[in-house]
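Colleague: Before I plan anything around this protein, I would like to go through the model with you, one question at a time. Could you put it up so that we are both looking at the same thing?

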Amino acid sequence: MRCLITSMKGGVGKSSISYNLAVHLGCICITNDLTVPQHDDIIQIPTGKNRIPKGLTSLDSAVFDFGAMSTMLDKKISHALQLCDLVIIPTRIDARSLEATLETYKLVKEAGKPIVIIINHFRDWKKHDAARDHLLSKLGNRVPILAIRETTLFDRVSRDGREWLLNIHNDRGAHMLSRTQRAHEVVYDRIQSMAGV
Ligand SMILES: Nc1ncnc2c1ncn2[C@@H]1O[C@H](COP(=O)(O)OP(=O)(O)OP(=O)(O)O)[C@@H](O)[C@H]1O
Ligand SMILES: [Mg+2]
């Protein structure tokens, strides 16, 4: 599966979800975020490049972590949009993030790819429900909405990398994180089934 994770809003979890999904799928993560920690399985595309480099366009499986900075999709994002089987828009629950999510949806829907929204990084399920209701009131049932709660798992994975995550069940000190990871796997499996690949 080739998947584009994007949003016009910063800090909503694009890079975190991208990397964790890439580990789950066993593929690389391609990012335009030059601040992500360097791992062997993350490829950073320098700012200023308009296209995704040739060697990366023919991969069967990849996750593109491409933040969009303006009200226009830049050329690299449009290119990833053409290549991908599915688009994920992560959002937080605050009003600005939800607004940016709706704007991002409008921009990417033209490509006709399946779109999934992930309400990410929240603590309170009631606030999650209110954010979800807001999105549903604007979008109807057209877009599946999944959820990933606040967790320390992402920081741990960004520090310790793929091998640690793949062996999380062997880490006795990470029992709760291992449970969180299993919950995330359910989300990632649903995304895969929506991509229809
Ligand atoms: N579900 C979550 N629980 C806890 N922390 C989270 C969660 N999702 C993201 N974060 C944290 O929020 C911060 C922003 O996340 P991340 O860098 O993935 O967002 P981003 O959309 O890629 O941001 P940017 O636009 O700057 O590239 C990071 O410190 C990350 O660890
Ligand atoms: Mg990022």
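Colleague: Which are the buried residues of helix 2?

Modeller: This is a predicted model, so what follows is computed from predicted coordinates. Helix 2 spans residues 75-83, and a residue is called buried when its relative accessible area is under 20%. By that cut-off the buried residues of helix 2 are Lys76, Ile77, His79, Ala80, Leu81 and Leu83.

Colleague: And which elements do the buried residues of helix 2 pack against?

Modeller: Their partners include strand 1 (2-5) and strand 4 (62-65). Also on the list are strand 5 (86-91) and, as a helical partner, helix 3 (95-109).

Colleague: Turning to the metal, which residues coordinate the magnesium ion (ligand 2)?

Modeller: The magnesium ion (ligand 2) has its coordinating atoms, an OG and an OD, at 2.0 Å. These atoms belong to Ser15 and Asp33 respectively.

Colleague: How many residues apart in sequence are the parts that this pair ties together?

Modeller: Ser15 belongs to helix 1 (residues 14-25), whereas Asp33 sits in the loop between strand 2 (28-31) and strand 3 (42-44). Because the pair is drawn from these two elements, it ties together parts of the chain whose separation in sequence is 18 residues.

Colleague: Is Asp33 buried, partly exposed or exposed?

Modeller: The relative accessible area of Asp33 is 22%. Buried would require under 20%, and exposed would require over 50%. Asp33 therefore counts as partly exposed.

Colleague: Going back to helix 1, what is the relative accessibility of Ile17?

Modeller: Ile17 lies in helix 1 and touches Ile5, Pro90, Ile118, Asn120, Ile148, Phe154 and Tyr188, not counting residues up to four places away in sequence. The C-alpha atoms of Ile17 and Ile88 are separated by 9.5 Å, although the two residues are 71 apart along the chain. Ile17 counts as buried, and its relative accessibility is 0%.

Colleague: Which phi value does His121 have?

Modeller: His121 is found in the loop between strand 6 (115-120) and helix 4 (125-139), where at 29% relative accessibility it counts as partly exposed. Most residues other than glycine have a negative phi. His121 is not a glycine, yet its phi is positive, at about 65 degrees.

Colleague: Towards the end of the chain, which residues is Met194 in contact with, leaving aside its neighbours within four places in sequence?

Modeller: Met194 is found in helix 6 (residues 175-195), and its relative accessible area of 22% makes Met194 partly exposed. Met194 and Pro144 are 50 residues apart in sequence and 9.0 Å apart in space, C-alpha to C-alpha. Apart from those sequence neighbours, the contacts of Met194 are Leu86, Pro114, Val116, Pro144 and Leu146.

Colleague: Finally, for the protein as a whole, what is the radius of gyration?

Modeller: The protein has 6 helices and 7 strands, in the order β-α-β-β-β-α-β-α-β-α-β-α-α from the N terminus. Buried residues make up 47% of its 197 residues, and 73% of the contacts between residues at least 6 apart in sequence join residues at least 24 apart. A compact globule with 197 residues would have a radius of gyration near 16 Å, and the protein agrees with that, at 16 Å.

Conventions
Residues are numbered from 1 along each chain as its sequence is written. Chains are lettered from A and ligands numbered from 1 in the order in which they are written. This is a predicted model: local features need pLDDT of at least 70, side-chain atom pairs count only at pLDDT 80 or more; totals for chains, interfaces and linings use all residues. Side-chain values use heavy atoms; hydrogens and water are left out. Donors are N, O and S atoms within 2.8 Å of the metal (3.2 Å for Na, K and Ca); water is not among the atoms, so sites may look incomplete. Helices (H or I, at least four residues) and strands (E, at least two) are DSSP runs, numbered from the N terminus. Buried means under 20% relative accessible area, exposed over 50%, partly exposed in between (1.4 Å probe, protein chains only). The radius of gyration is taken over C-alpha atoms; the globule rule is 2.2 Å times the number of residues to the power 0.38. Contact means heavy atoms within 4.5 Å.
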